[in-house]
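Hi,

Here is the structure I said I would pass on.

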Amino acid sequence: MEPRVQPLPPAEWDDFQRANPYNVFTTLARHPRVYRGWLRFGGALLDGTLPARDRELAILRTAHHRGSDYEWSAHARIALDSLTEQEIQAVRQADATWHGVDALVLRVADELHEAGDLTDETWAAVCKHYDEVGRIELVMLIAHYDMLAVVLKTLRVQVDDPSGMKKPTGIPGS
């Protein structure tokens, strides 16, 4: 499918986009004010207090639930720093066995996707594992990536060519 909003042409990229030529950035930059605020917010979540493993499990499960090929592709690469390839693929499997914090993070993503809320039992487990900042961050991270998946899917942002792609750098707020 063709993009509904074309990415900025390279001649219009700023320094950040030249260093990070991803379609998510070059497309959303078409709305400069919202884009700048989103970059700061998203950057703060990517460089937050959650361990990278927890963050990437939550993002991947949310991408899976939303059918976001873009977010799945981008974060499957990033997640290799904290998850194995087998674990990354298992995020998509409802019958995969997870334990401890991994199971909790995936349950939080599942419940937020299904109900937009957490059961009291799940919230109590979150409270046992995360401090107040971590609790807020986990819920906001999942909600943010749910929103982003909807935006990218609706705008039909094209998945980036994985050859030569690296983890984005210099994201404001991170």
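Predicted model: local features only at pLDDT ≥ 70, side-chain atom pairs only at ≥ 80, totals over all residues.

Aromatic rings

There are four aromatic pairs in the structure. Let me pick out two of them. In one, Phe16 and Phe25 have ring centres 5.0 Å apart and planes at 65°; over 60 degrees counts as edge-to-face, so that is what this pair is. Phe16 and Phe25 are both buried.

The other one is Tyr35 with Trp38. Here the ring centres are 6.3 Å apart and the planes sit at 35°, so the pair is tilted. Both residues belong to helix H3, which covers residues 32-46, and because they are three residues apart there, about one helical turn separates them. Are they buried or exposed? Tyr35 has a relative accessibility of 5%, so it counts as buried. Trp38 comes out at 14%, and as the cut-off for buried is under 20%, Trp38 counts as buried too.

If you colour the aromatics in your viewer, look for one cluster made up of Phe16, Tyr22, Phe25, Tyr35 and Trp38.

A buried asparagine

While you are in that part of the chain, take a look at Asn20. You will find it in the loop that runs between helix H1 (15-19) and helix H2 (23-28). Its relative accessible area is 0%, so Asn20 is buried. What does Asn20 touch, leaving out residues up to four places away in sequence? The answer is Phe25, Lys166, Pro168 and Thr169. Phe25 is also the ring that pairs edge-to-face with Phe16.

Last item: helix H7 (residues 100-115) packs against helix H9 (residues 132-155), with an angle of about 55° and 10 Å between the axes. That angle makes H7 and H9 oblique to each other, and their crossing is right-handed.

Which residues meet where H7 and H9 pack? From H7 there are Val108, Ala109, Leu112 and His113, and on the H9 side they meet Leu138, Val139, Ile142 and Asp146. Sorted by type, the residues of this contact come to six nonpolar, one polar and one charged.

Cheers

Note on methods. Residues numbered from 1 in each chain as written. Heavy atoms only, no water. Axes fitted to C-alpha atoms, helices over the stretch in contact; angles between N-to-C directions. Helix = DSSP H or I, 4+ residues; strand = E, 2+ residues; numbered from the N terminus. Parallel < 35°, antiparallel > 145°, perpendicular 65-115°, else oblique. Left-handed = near helix turned anticlockwise from the far one by under 90°. Contact = heavy atoms within 4.5 Å. Nonpolar A, V, L, I, M, F, W, Y, C, P; charged D, E, K, R; others polar. Buried < 20%, exposed > 50% of the residue type's maximum accessible area, 1.4 Å probe, protein only. Phe/Tyr/Trp six-rings, centres within 6.5 Å; stacked < 30°, edge-to-face > 60°.
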